[in-house]
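Have a look at the model first, then walk through the points below.

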Amino acid sequence: MFGVPAQALYGQILLGLINGSFYALLSLGLAVIFGMLNVINFAHGALYMLGAFAAWFALNLFGIDYWWSLLLAPLVVGLVGAVIERVFLARIKNLDHLYGLLLTFGLALIIEGGFRHVYGSSGQAYGTPEELRGAVNLGFMIMPKYRGWVVIASLIVCFATWFIIEKTRLGAYLRAATENPKLVQAFGINVPLMITLTYAGGVALAGFAGVLAAPIYQVSPLMGTNLIIVVFAVVVVGGMGSIMGSIVTGYMLGVLEGLTKVFYPQASSIVIFVIMAVVLLARPAGLFGRGD
Amino acid sequence: MSTASDAADRIERIGIAVGLVALVAAPFVLYPVFVMKLMCFALFAAAFNLLIGYGGLLSFGHAAFFGTGGYLAAHAAKVWGLDPLLSVLFAAFGATVTGLVVGALAIRRKGIYFSMITLALSQMVFFVALQAPFTGGEDGIQGVPRGMLFGVFDLDKPLMMYAFVSAIFLLGMFAVWRVVHSPFGQILTAIRDNEARAISLGYDVDRYKLTAFVISAALAGAAGGVKSLVFQLASLTDITWQMSGEVVLITLLGGIGTLLGPVVGAIIVVAMQNYLATVNFPVPVITGIIFVVCVLLFRRGIVGELRHWASRRASHEG
């Protein structure tokens, strides 16, 4: 198509889907947290990195394999998140939202700076789990098994999150507390606990993404920093009003970025920002947003 | 009440007097380049403070203007051989144009979204600077000549350069003060405090916000331009998101919405970085801790706390 070999095209679309998986998981977590706490979690990238490091520590210190890490690392990151919410964020919940941004920015600097001090800027390798090594021939392209797994796993987790929030009783409480926390509290629901759990859950998604990323990218202290800025742009494009919107926007922008790498590689690092600018001009509230 | 705010203003006036004396004495006591660096960051932070302190707009991408200014001044001075003052003006002009584009997009959203948009767009400017041919990529623009001001004053002489930088710094600070205390500044503050009311009074708030954004960007660009002449180098460091974070830190620590806050913040942050560069302790961790402490305990910043203390004392006595 357009003089581009089909193999390269499919390859980049797959890479785009993988990037999109991370955008979706991270922007989903940001949206869930923002809905409940009105905080843009700048530490999200640092906690994603923490998830990857948790898997790396688990493997190298305790011999815990990838599959257990996929379960345990999000729990660890979620626990760290619960502590962050209780110790820091709970204290500033009545202040201007900008303070939440500044506070979590500070936390991100502390976490990333600390890891960078100990491990340097270079990455640590994390091997692909044995079951997912090699590739499968799909007929039109050869797909490394692990890459396919990342897309499938993130889709499952995204839709599970969507299901919990939109279709379960817990999710109904959550949505109600987002609309009117005082009233929900008056009905006897422990809203402060829900807030803590929401933050923990949101960052656990980032931790999960970190484990998924570990075998693809190297486990490095800076892996979350640049990613989170792109995810912010994704969030602006999608708007944070809708859970499904976050997921769809994440994958869509990932694929668009992949396609840009095929047709105009110089622009691939800025394409998402350009799309953000266009969306701001055409539809300032975001594709799925409900205004400020 | 007026006595209380008078007392607070008096504290700041004393601070300005002390600062002016220190500015004259500093090059004979301290390393001039250190003081010049400090002035660049103070002006940068004052420009940023104009937006956050008086307009309530938290830009997380101000490094885009600081860095753009740095590259443009360096290019103008080195490649075109422009006069240093013209180079700085060119930097301010370039930052104005960048600010117009970024600002026009960012003011379409409010609050946290505004911050995220400025951050994302500044990251885009960073990538452009990384790839554009004239910025020299990872190397930056090195060996920038300081030049002869008006063809007469040799800025390679440290005291000449010091006087040049001081003049621009004072002019920039005066510009900020003038904007804040003008009718325009009053309306900007009104928009910050109650945007809906400002709209209902018939003000075109978007135009006010954009104008404030562009003025702020222009001053940040001038600060970046001066910095590249002082260090004879324009590099990627000045255009990264970390630099945007640094100017937030300086302003938050010194005192958001105070005239002297950015100066006090710059003195502390620049001195701290100089010290930390000599010991083996990670700077980001310290920076992060200051952020957290400021947000939790110290939201007025140093100058803000001083003003608060002075006005409380005055209102107790009165």
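No salt bridges are counted between chain A and chain B. This is a predicted model, and in it chain A and chain B bury about 3800 Å² between them, 80% of it on carbon and sulfur atoms.

**The interface**
- On chain A, 45 residues are in contact with 38 residues of chain B.
- Three residue pairs are in polar contact across the interface of chain A and chain B, with both residues at pLDDT 80 or more.
- Three helices of chain A, α4 (97-119), α9 (225-238) and α11 (271-282), each supply at least two residues of the side that touches chain B.
- Of that side, α4(A) gives the largest share, 14 residues.
- By class, the side of chain A that touches chain B has 30 nonpolar, 13 polar and two charged residues.

**The largest cavity**
- The whole structure holds three cavities of 30 Å³ or more, and the largest has about 70 Å³ of space.
- Its lining includes Phe105(A), Glu112(A), Ile228(A) and, from chain B, Trp241(B).
- Two or more lining residues come from each of α2 (44-62), α4 and α9 of chain A, with the largest share, four residues, from α4(A).
- Eight nonpolar, three polar and one charged residues make up this lining.

**The second largest cavity**
- This cavity has a volume of about 40 Å³, and among the residues lining it are Met39(B), Cys40(B), Ile168(B) and Phe169(B).
- In chain B, α2 (32-55), α6 (158-180) and α9 (205-231) each give two or more residues to the lining.
- The lining of the second largest cavity has eight nonpolar residues, with no polar and no charged ones.

Key. Residues are numbered from 1 along each chain as its sequence is written. Chains are lettered from A and ligands numbered from 1 in the order in which they are written. This is a predicted model: local features need pLDDT of at least 70, side-chain atom pairs count only at pLDDT 80 or more; totals for chains, interfaces and linings use all residues. Side-chain values use heavy atoms; hydrogens and water are left out. Contact means heavy atoms within 4.5 Å. Buried area is the accessible area (1.4 Å probe) that two parts lose on being put together, summed over both. A salt bridge is a side-chain nitrogen of Lys or Arg within 4 Å of a carboxyl oxygen of Asp or Glu. A polar contact is a pair of N or O atoms within 3.5 Å; within protein, one must be able to donate a hydrogen and the other to accept it, and residues adjacent in sequence count only if both atoms are side-chain atoms. Ala, Val, Leu, Ile, Met, Phe, Trp, Tyr, Cys and Pro count as nonpolar, Asp, Glu, Lys and Arg as charged, and the others, Gly among them, as polar. On a 1 Å grid over the protein atoms alone, a cavity is a set of points where a 1.4 Å probe fits but cannot get out, and a pocket is an open set with protein on both sides within 12 Å along at least five of seven lines; lining residues have an atom within 4 Å of a point. Grid points are joined across faces, edges and corners, and a volume is the space filled by probe spheres set on the points.
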